[in-house]
Amino acid sequence: MVIPANPQYFWGDMIEGIKNGALQYPDIQVVFSLFSNLLSEQDTLYCLEYMQDLHVDLLIVTPPASSIIHRKLDEIALTTPIVCLSETAEIPFIFYVGANFYQDGVLLARASAQILQKHANILHINHVSLPMVKQRDDGFYKETASLVPHVKWVGDVQTDQLPVSVFSAQLARILHEQYNGLFQSVYVSQGHLPQVCLALNKLKLSERIAVFGYENPKQNNAYIKNGMIAAYIEQDTYRQGSCCIDAAYAYLTKGMLPDNRRLYVPSHLYQPAIQSDSETYL
């Protein structure tokens, strides 16, 4: 199994789900090879080569968006069946286990529509370009356009090059210099809600901007309590891990595949600020 180790709040729960799920199947052995994160090309390549040396019966992988990694996975797929967990790529995998990303985007759009009626100027903050994240963004964009026709996207900020140690400070500078006064809401594609909220705090915008996004690191709590995070979707990574082991065992022992080669694990919607109505944001 080749998956990321960071961010720990996300992948740690998935690893626990995998380990506990595997306890039901003492006749199989799960071997982990963890790479740093979805930007870690060389780490991932090393992990894949390690799995090749072990001659595993099935490879479960979360593939980074890297042509080098994809070519390696194409090579592995010639001899070893591949399962994609939480992310996909243009490789010959046998099935996918994870969230229905498009539907997650639709669900968040529906939860956001009430506030966006009066706060329709949205700024998009994105990070790593990944296929499943693009699906989620497409779902949010299309459903938002349907529910709030006057919505206006004022910009798209790419943050994958911002250093972790100064992420919020540099993002605050970008927002001030390029988008000052232009946006009323922020849509965050990936799990950087607390860093984005901190940047907005630095600009003293915490009481005027509604933030929507995905995942729930513990740093979210302060921004949920003060109402800045209006709605978010959290993947059930623990269940993704346990369901992946169930599906892998069914394939290895019975040759069974999930319907349409997709096993979707429902995510959870939280709307901490919706009940306060859009008047929460001045």
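Is the crossing of α4 and α5 right-handed or left-handed? In this predicted model, the two helices cross in the right-handed sense. Helix α4, formed by residues 101-116, packs against α5 at an angle of about 35°, and the two axes lie 7 Å apart. On the α4 side, the contact is made by Phe101, Tyr102, Asp104, Gly105, Val106, Leu108, Ala109, Arg110, Ser112, Ala113 and Leu116. The residues contributed by α5 include Met132, Val133, Phe140 and Leu147, together with Arg136, Asp138, Lys142 and Glu143. Taken over both helices, the residues of this contact comprise 11 nonpolar, five polar and six charged.

Helix α5 (residues 131-147) also lies across strands of a sheet, namely β6 (121-126), β7, β8 (185-188) and β9 (210-214), and runs at about 175° to β6. The sheet is open and consists of six strands in the order β7-β6-β8-β9-β10-β12, with mixed pairing. Strands β7 (152-158) and β12 (268-270) each have a single partner strand and stand at the edges, so one side of each lacks a neighbour in the sheet. From one strand to the next, the twist averages 15°. At the β12 edge, β12 pairs with β10 (residues 229-234) in the antiparallel sense over three bridges. Within this part of the sheet, isoleucine 233 has leucine 269 of β12 as its bridge partner.

A further helix, α7 (residues 193-202), packs on the sheet, where it touches β6, β8, β9 and β10; its direction makes about 160° with that of β9. The buried residues of α7 are Leu193, Pro194, Val196, Cys197, Ala199 and Leu200. These buried residues pack against the strands β6, β8, β9 and β10 and also against helices α6 (167-179) and α8 (220-225). Lysine 204, which follows α7, has a positive phi near 60°.

The loop between β6 and α5 contains histidine 127. With a relative accessible area of 12%, histidine 127 falls under the 20% limit and is therefore classed as buried. Its side chain makes a polar contact of 2.9 Å with the side chain of threonine 159. When neighbours within four places in sequence are set aside, the residues in contact with histidine 127 are Gln158, Thr159, Asp160, Phe167, Gln190 and His192.

Terms used:
Residues are numbered from 1 along each chain as its sequence is written. This is a predicted model: local features need pLDDT of at least 70, side-chain atom pairs count only at pLDDT 80 or more; totals for chains, interfaces and linings use all residues. Side-chain values use heavy atoms; hydrogens and water are left out. Two strands pair if DSSP finds at least two bridges between them. Helices (H or I, at least four residues) and strands (E, at least two) are DSSP runs, numbered from the N terminus. Axes are lines fitted to C-alpha atoms, for helices over the stretch in contact, and angles run from 0 to 180 degrees between N-to-C directions. Contact means heavy atoms within 4.5 Å. Buried means under 20% relative accessible area, exposed over 50%, partly exposed in between (1.4 Å probe, protein chains only). A polar contact is a pair of N or O atoms within 3.5 Å; within protein, one must be able to donate a hydrogen and the other to accept it, and residues adjacent in sequence count only if both atoms are side-chain atoms. A crossing is left-handed if the near helix is turned anticlockwise from the far one by less than a right angle, and right-handed if clockwise. Ala, Val, Leu, Ile, Met, Phe, Trp, Tyr, Cys and Pro count as nonpolar, Asp, Glu, Lys and Arg as charged, and the others, Gly among them, as polar.
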